[in-house]
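Have the viewer open and pick out each residue as you reach it.

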Number of protein chains: 4
Amino acid sequence: MRFDPDYTYRMPVAFGPMPGPRQALPGCEPRGGEASITSYALRFTTTAEALGELLPPRFALNGEPVVTVEYTELTDVPWLAGRGYDTFAVKLPVRFEGRHDKVTGSFVAVVWENMADPIITGREELGYAKLFADLTSRPAGPHAHRCEASWDGHAFAELEFERITEVPPEPACAQDGVLNFGYVPGVDAGSRPDRTGAVLTPAVDGVEVVGQATATGRVRFVRSSWEQLPTFYNVVNALERLPVLSQGPCVVRRLRRDIENRGQRRLV
Amino acid sequence: MRFDPDYTYRMPVAFGPMPGPRQALPGCEPRGGEASITSYALRFTTTAEALGELLPPRFALNGEPVVTVEYTELTDVPWLAGRGYDTFAVKLPVRFEGRHDKVTGSFVAVVWENMADPIITGREELGYAKLFADLTSRPAGPHAHRCEASWDGHAFAELEFERITEVPPEPACAQDGVLNFGYVPGVDAGSRPDRTGAVLTPAVDGVEVVGQATATGRVRFVRSSWEQLPTFYNVVNALERLPVLSQGPCVVRRLRRDIENRGQRRLV
Amino acid sequence: MRFDPDYTYRMPVAFGPMPGPRQALPGCEPRGGEASITSYALRFTTTAEALGELLPPRFALNGEPVVTVEYTELTDVPWLAGRGYDTFAVKLPVRFEGRHDKVTGSFVAVVWENMADPIITGREELGYAKLFADLTSRPAGPHAHRCEASWDGHAFAELEFERITEVPPEPACAQDGVLNFGYVPGVDAGSRPDRTGAVLTPAVDGVEVVGQATATGRVRFVRSSWEQLPTFYNVVNALERLPVLSQGPCVVRRLRRDIENRGQRRLV
Amino acid sequence: MRFDPDYTYRMPVAFGPMPGPRQALPGCEPRGGEASITSYALRFTTTAEALGELLPPRFALNGEPVVTVEYTELTDVPWLAGRGYDTFAVKLPVRFEGRHDKVTGSFVAVVWENMADPIITGREELGYAKLFADLTSRPAGPHAHRCEASWDGHAFAELEFERITEVPPEPACAQDGVLNFGYVPGVDAGSRPDRTGAVLTPAVDGVEVVGQATATGRVRFVRSSWEQLPTFYNVVNALERLPVLSQGPCVVRRLRRDIENRGQRRLV
């Protein structure tokens with residue numbers, strides 16, 4: 001085989017370029033980049049000190065020490081031929097201060113997804129800190145909803161919404177981009193990383209808010225042992241240790257938006 | 001947070017070093033690196049021409065054009081706290097001829113695994129061409145066995161063994177290492193890859209063969225559409241197109257061996 | 001506890017009446033009985049002799065020896081609080097000739113479902129011959145679709161549709177009822193059955209056909225061993241042995257209809 | 001088809017007798033009736049009044065009002081060709097006082113299982129009050145274990161063991177039988193039940209206790225809405241309401257025993 005510079009590759013390379021969210025190949029039916037999204041977001045206030053420990057080099061807290069926990073259901077995803085998947089993200093408001101780039105945005109401390117394929121592309125092409133978990137999102141009563149993240153049968157995070165009340169949808173306001181800290185270890189054992197540093201995924205325009213609701217809610221992370229979560233107990237336990245000073249507003253939103261996430265760039 | 005050079009990191013980085021197959025953290029119970037393995041391997045002969053199209057730069061076929069298809073069940077995996085997972089690999093006998101390194105080994109064209117966590121560490125730390133699939137391995141009759149790989153309910157590969165006959169286990173012979181072509185795209189959109197090139201995972205000694213059997217068998221890849229396998233239909237269809245000149249010997253082996261895969265190095 | 005004659009019970013009885021498709025309890029939000037249904041039906045002709053062997057006492061073939069294989073997706077099911085499940089049925093056109101009842105209808109030789117709860121209620125309250133299987137229904141190309149039934153990873157039946165072409169929906173015609181042969185063994189070991197005999201589930205009116213398509217297609221049952229299907233290999237192998245004289249027309253239908261299946265009665 | 005009185009039938013009847021735990025058919029490899037079992041049992045004391053409300057007609061509490069919650073892993077199950085499944089049972093000590101039969105035993109108020117096939121045979125052939133749930137049983141730390149029951153992603157019961165300490169296995173003592181209240185509704189809508197009444201499954205001899213441990217522990221049932229558990233929210237909520245006066249001893253046992261459960265008889 002020979003690498004064709006007009007295409008993006010991912011492993012395996014033996015079979016040529018790979019299809020994905022930002023690359024169609026012969027045989028793919030083009031369908032555009034829009035998906036349907038329902039998200040359940042809760043914000044809670046913690047201490048600036050606690051959040052400071054989670055920020056990579058050159059990142060600083062931007063404003064109040066507010067953590068956003070967001071469960072997202074994606075359906076009708078074009079690059080998956082109409083299938084969907086769910087995500088459970090922990091995001092922090094940050095300011096990146098590089099030698100050249102000064103950017104504010106939402107830093108993805110970690111995001112769990114329940115499908116391996118978007119995890120692979122997201123980690124390798126975009127630098128998202130994606131891990132795998134089983135995710136469920138279900139009504140919990142007439143005006144209640146419950147989202148849960150588990151791994152091999154161990155529930156490690158839950159997000160509960162009550163008193164869900166439909167409100168008129170607000171138009172999506174201009175958003176900052178999403179900030180990640182991309183990292184790939186050196187494949188030569190013991191060598192320096194093959195990738196390290198901040199990455200910006202620009203915000204997209206044209207978000208259509210189809211529905212919106214307010215709610216009260218709470219989030220809970222479950223202190224977990226290595227036996228229960230051998231591949232990320234440290235992540236969950238760090239989140240469980242965060243002081244919760246106040247649990248802020250909850251919002252449910254149903255959207256249509258482009259999910260191709262094109263145009264990411266390394267920040268310097 | 002601050003990067004500690006004594007540890008290996010993977011995304012997420014916000015929570016410090018991550019536990020994994022080659023790194024224990026406080027709270028992990030150390031258990032050594034040995035796992036129990038059952039493997040079902042079949043070899044078939046194809047044409048040198050067809051295999052040549054699958055070889056990355058500086059790789060050449062080593063000997064006969066023989067494809068090994070191997071289904072492996074791993075149980076009692078120490079870094080997963082005793083859990084296990086399965087893999088389904090397609091391997092080719094190759095010679096790597098670099099500027100400095102001349103190495104023969106087994107090239108992993110692609111390997112599917114049914115658990116996201118080893119996929120992430122394997123791709124990023126070792127350069128293995130791992131993808132996700134649902135995998136099953138079940139008895140198919142008194143002396144028969146069937147392994148299947150599917151994705152979202154679509155079976156795309158099956159390996160069937162018949163006339164399985166126990167034979168005295170042969171001692172494991174010295175093996176060549178495993179060769180991969182590590183590739184990570186540039187996280188800066190459109191830039192050069194953040195990692196590209198051959199990687200050697202050295203063979204391990206001390207393999208204990210607990211049981212062995214011979215069998216007759218066949219492998220079948222299923223021609224698949226983008227709708228059925230939107231993330232790797234091209235891989236399966238390339239395998240389905242390989243001419244099968246003869247289906248070679250089949251072997252079942254039950255082993256105990258170290259699975260840490262330490263000491264991988266980039267070939268030049 | 002005391003049995004309340006105004007309610008239907010199922011095991012467990014210790015907790016009082018059980019909620020189900022035909023019974024709401026305090027705490028259930030009433031939602032009516034309508035669900036959304038997509039069905040993929042194929043008919044094939046076999047021999048009258050082969051079908052005769054599948055008919056219980058007092059059942060006779062009604063008309064041509066035509067087998068209907070039908071995969072059904074149910075969504076928005078009221079008694080499951082909006083969830084859904086799939087079914088895969090094998091049906092035969094029959095005439096029941098009892099001492100008093102003379103009825104024609106569609107005999108459910110067997111139906112697999114991918115959820116235990118409707119299996120339990122369907123077997124015990126209606127006498128449906130329901131078994132469990134994993135079921136998938138997916139696009140297989142731009143105008144193709146594939147449904148599969150498997151058990152513990154072993155695919156034992158597949159239904160493939162090609163050249164799917166939308167046509168104007170025909171109004172639902174008046175249908176015969178569904179005939180089952182209800183059977184519950186005697187709980188006293190070795191005694192006579194606690195239930196045995198034909199049951200009629202009346203057809204429902206008010207079916208709204210939302211969409212319709214024609215297609216060409218084929219069905220395949222896979223000869224299976226006891227090791228592969230220890231709880232119903234005999235059923236699948238009997239279906240696999242049916243001669244296929246011609247594969248008839250295929251139809252895809254999207255409906256809204258009542259699925260409560262009330263008013264079943266034992267035939268005499 | 002014609003019913004053969006030498007065999008047991010279950011639905012479907014069209015294909016002849018069905019294989020199962022107590023009946024092998026041609027093509028089944030006979031393997032005996034022994035399986036390997038690991039069980040996690042906890043006892044808690046509640047009030048006699050509360051338990052009285054759960055007892056069917058002619059059942060009375062036998063001794064102290066003690067509830068046994070028991071999670072069981074079955075592996076190497078002969079009639080499933082070596083597969084296994086898990087169960088989660090709630091049992092009460094009872095005395096049955098019939099017109100003729102006076103029996104003491106363990107009454108199965110409800111038992112969840114994570115596989116549909118044993119649910120079907122157990123309900124219909126033995127009268128066990130089996131329901132479906134997803135079940136997990138995992139180490140939760142060096143000397144801790146956690147069992148969980150969920151349905152469609154909603155965890156409704158958990159059993160946690162700590163300070164698990166191996167002790168010398170005690171020989172299995174002679175046990176009372178298992179008592180169920182078998183109930184099958186009338187298939188003729190609105191008619192009397194096709195089966196109703198107490199059933200005794202005799203205790204088996206020859207239980208080999210392979211290992212044993214003591215532990216401290218706790219059980220928790222989660223108050224659940226109809227939306228979360230539309231098919232058995234009432235059952236879980238009744239268990240959640242039981243007063244817990246003291247949480248008694250916990251025991252882990254690893255056994256080999258016959259699981260055929262032959263010889264059940266209706267009590268009068």
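Where in chain D is the place of Ser225(D)?

1. Start with that one. Ser225(D) sits in a loop of chain D, with β12 (208–221) on one side and α3 (233–241) on the other. Keep in mind while you look around that this is a predicted model.

2. Next, is Ser225(D) buried or exposed? Its relative accessibility is 14%, and buried means under 20%, so Ser225(D) counts as buried. Now look at what surrounds it. Setting aside residues up to four places away in sequence, Ser225(D) touches Tyr233(D) from chain D, plus Ala140(A) and Gly141(A) from chain A.

3. Now move to strand β5 of chain D, residues 102–113. Of its 12 residues, 9 are buried, so β5(D) is largely enclosed by the rest of the structure.

4. Which strands pair with β5(D)? One of them is β4(D), residues 85–97, and that pairing is antiparallel, with 11 bridges. A hairpin takes you from β4(D) to β5(D) by way of 4 residues. For a landmark, find Lys91(D): its bridge partner in β5(D) is Val108(D).

5. β5(D) also pairs with β10(D), which covers residues 177–184; here the sense is parallel and there are 3 bridges. To spot this pairing, look for Phe107(D), which stands opposite Leu179(D) in β10(D).

6. Then there's β6(D), a strand made of residues 130–132. It runs parallel to β5(D), and 3 bridges join the two. Check Trp112(D) here: its bridge partner in β6(D) is Leu131(D).

7. Last stop: Glu166(D), which you'll find in strand β9 of chain D, residues 154–167. Its relative accessible area is 51%, and the cut-off for exposed is over 50%, so Glu166(D) counts as exposed.

8. Which residues does Glu166(D) contact, leaving aside its neighbours within four places in sequence? They are Gln212(D), Ala213(D) and Arg254(D).

Technical notes
Residues are numbered from 1 along each chain as its sequence is written. Chains are lettered from A and ligands numbered from 1 in the order in which they are written. This is a predicted model: local features need pLDDT of at least 70, side-chain atom pairs count only at pLDDT 80 or more; totals for chains, interfaces and linings use all residues. Side-chain values use heavy atoms; hydrogens and water are left out. Buried means under 20% relative accessible area, exposed over 50%, partly exposed in between (1.4 Å probe, protein chains only). Contact means heavy atoms within 4.5 Å. Two strands pair if DSSP finds at least two bridges between them.
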